[in-house]
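Subject: Structure handover

Hello,

Please find the structure below. My notes on it follow.

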Amino acid sequence: SFDPDMFKGILDKWPTRKAPYALLTRAFVLVNLTRSRIKIVDTLVNLLRTLIRLDPESLLAAVWLTTNDIGPTYENNELGLGISIISKALTGSSGTTTATLKKLFNKHGDMGDVAFEAKVKQKALMMKKPIPLTIKNVYTTLVKIASMSGKGSQENKQRHVERLLVDAKGEEVRYLTRTLTQHLRIGAVKTTMIIALSRAFSLSAPDGANWECPTMPKSKEARQELFGKAEEVLKQCFARRPNYNDIIPSLLKGGIGVMETECGMAIHVPLKPMLGSITRDLAEMLMKLHGTSFSCEFKYDGQRAQIHCDSNGKVSIFSRNLELMTSKYPDLVELIPRIRGDGVQSFVMEGEIVAIDINTGQIKSFQILAERERRNVDVGNIRVDVCLFAFDLMYLNGQELLLRPFRERRGLMHSMFVEIPTKFVWVRSLDATSEDVDAIREFFRSSLETKCEGIMVKVLDNCTKPLMSKPEEVIEEGVEGNLVSVAMKGRDKEKAKLAGGRRKALLATYEPDKRLESWLKVKKDYDSAADTLDLVPIGGWHGLGRKSKWWSPILLAVRNPETGTFEAVCKCMSGFTDKYYAEMKDFYNDDGGSGENINTSRHKKAYYEASLCPAIWFEPKEVWEIAFADITLSPTYSAAMGLVSEDRGLSLRFPRFLRKREDKGIEEASTPQFLAGIPSSLILRPWFFGPLANES
Ligand code: ATP
């Protein structure tokens, strides 16, 4: 529901049509007051509609600021503001002494709260007259700050921050400072923003626009369907073109209706990668894909790469996380003219970059690949040779190939590009059906012998027939869109739908940002647990004995995308090398509570859910891949509470550190839903209540 009064007090006082920063801050405060996703979406929709109508020019800036970014991941959007610059600017703008700031930091543990209190206590002697902040002005200043580098840039940045802080009032100070430290703390607005935008643009158009919003249907169901469609369209656009700088102008120009045609893939803009679903073993994979033709591929253990090349030969290489890593692989860039066959002008291709011995062609481990510098690698002095194992082609000569079936995309890739042994080759693959059990088992075995992690299995052709493990039980089937509805024996059709009788058809299309059943992963060590987890380290204890110099154990958490909170799941003290312990201690060093190190704090974050209290809390900065023996119910850890048991969370037995995931941001950490969905031998037994994991 649109509540025009939500921001009334603020807009009434505003004399011009430039949207005030206070409007955005008010929305942040409202979002922070609730945990209800519906209320969060409503608040954002109201904010966006207000801007669409009153000041569409500020919409883009507002969207970036709300999502805690100033630009897409693949462009430089680091503000580069250490705690010391912010402290100095605060001292300058509020007259508070450094000693008082330190005291406040010890009390709050959050720079936003520190700044807020410092300004409240502000000395009356103001040197500069405050000018009310606008959304656009705050945003453009941040962009300016991010672009400053070289000599004198630190002082320059500090001056800009100080000016912003002088002009900020009340809650603006708190949220502005949180934005400056790039931790806005307003829950999961990143995922919610697309939903809010799709609704706002289904309901409002800018004044004088030459397009109109759809007429709102009277019935609730029809309205929900309309919103659902708009959301799906915008999600798909964002997955292909994850950049608000492109999305927002198109929306303002033509509304949701033009998005599919206006905002498709673009060269040098990475699309969000398609993801694979987990299976326990080959048997489960075969059951799921029964009745289809599929390709089994080696699952190489390297770094996923999306390679873009335009018709002028300019190359960009992006990571799984959509970060630009062209300067890490200049050797690959040099190779591109040689792999392009006749007739290839522009393309987007995907593959796995793997460390390799170029003399023997033998694959090396991921750890060796990790030794390559992360940027500005000198092509004349390459220490770790790599090979690209290409597996998909998503764009060719100005045309998107996403909707073509995998067999066709792969065929085009093989026919239009040229392999170069040990440098650029196709992934090893075996085309099969579920009849070919022996050949598939043999292929899986050889993948492990070749130092691969297992296999990826991909459906080759679109398949709109329901695939059931017991076809004799199906009494009725039909296809609606990409859903197959199946009625089973002994259940009426409606009930069957509710019981999961409707399932996605297996399309062999490339579906950015989706984890569907048409790409399955079968990994080698699935016997011990269904998968590894990607967890965020949130705190540490002082080690004992040999480990007394380091942090051990480490408290790990899953991230709840609904609330933006981190839910503690286990302590981990195995799998770390001494070198890693030392690096960890450097990164998360204890500054004695002075606030010098922005990676640690003596205070628990408001968005951490943990009953244990480590000696030091970490900022959520990294994602670690963790293996484990099993999952167990726990009275100590709150992860996934309410999903499996009402009063117990989930924890891991024998968690073991495998590696740091350089290619994943904290937003891609495992979720409570994912954790709760992993089959476990322990939680499936209702009588099992102990021993509990690692809870010493
Ligand atoms: P996900 O990417 O599915 O979130 P993840 O990053 O933890 O999970 P895995 O579960 O190990 O990774 O498997 C998917 C990854 O496997 C891909 O992102 C890609 O980097 C890698 N990979 C290796 N070989 C292939 C292949 N033949 N096809 C697709 N991906 C492959």
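For the classes used here, Ala, Val, Leu, Ile, Met, Phe, Trp, Tyr, Cys and Pro count as nonpolar, Asp, Glu, Lys and Arg as charged, and the others, Gly among them, as polar. By that scheme the shell around the ligand holds 13 charged, seven nonpolar and one polar residues.

This is a predicted model, in which local features need pLDDT of at least 70 and side-chain atom pairs pLDDT 80 or more, while totals for chains, interfaces and linings use all residues. Numbering runs from 1 along each chain as its sequence is written, and side-chain values use heavy atoms, with hydrogens and water left out.

Ligand site

The ligand is surrounded by 21 residues, where a residue counts as near if one of its heavy atoms lies within 4 Å. The closest are Lys 299, Arg 320, Glu 352, Arg 515 and Lys 521.

Polar contacts are pairs of N or O atoms within 3.5 Å; within protein, one must be able to donate a hydrogen and the other to accept it, and residues adjacent in sequence count only if both atoms are side-chain atoms. The side chain of Glu 352 has an N or O atom 2.6 Å from a ligand oxygen. For Arg 515 the distance from a polar side-chain atom to a ligand oxygen is 2.8 Å, and for an N or O atom in the side chain of Lys 523 it is 3.0 Å. On its own the ligand has 600 Å² of accessible area, of which the protein covers 94% (Shrake-Rupley method, 1.4 Å probe; for residues, only the protein chains shown count as cover).

Helices (H or I, at least four residues) and strands (E, at least two) are DSSP runs numbered from the N terminus. At least two shell residues come from each of β1 (275-278), β2 (294-298), β10 (454-459) and β14 (515-523). β14 gives the most, with four.

Helix packing

Axes are lines fitted to C-alpha atoms, for helices over the stretch in contact, and angles run from 0 to 180 degrees between N-to-C directions. Helices α8 (residues 135-147) and α9 (residues 153-167) pack at about 165 degrees, with axes 10 Å apart. α8 and α9 are therefore roughly antiparallel (over 145 degrees; under 35 is roughly parallel, 65 to 115 roughly perpendicular, the rest oblique).

Backbone

Most residues other than glycine have a negative phi, and most peptide bonds are trans. Ser 552 and Pro 553 are joined by a cis peptide bond, with omega about 0 degrees; Pro 553 is in strand β16 (residues 551-560).

Regards
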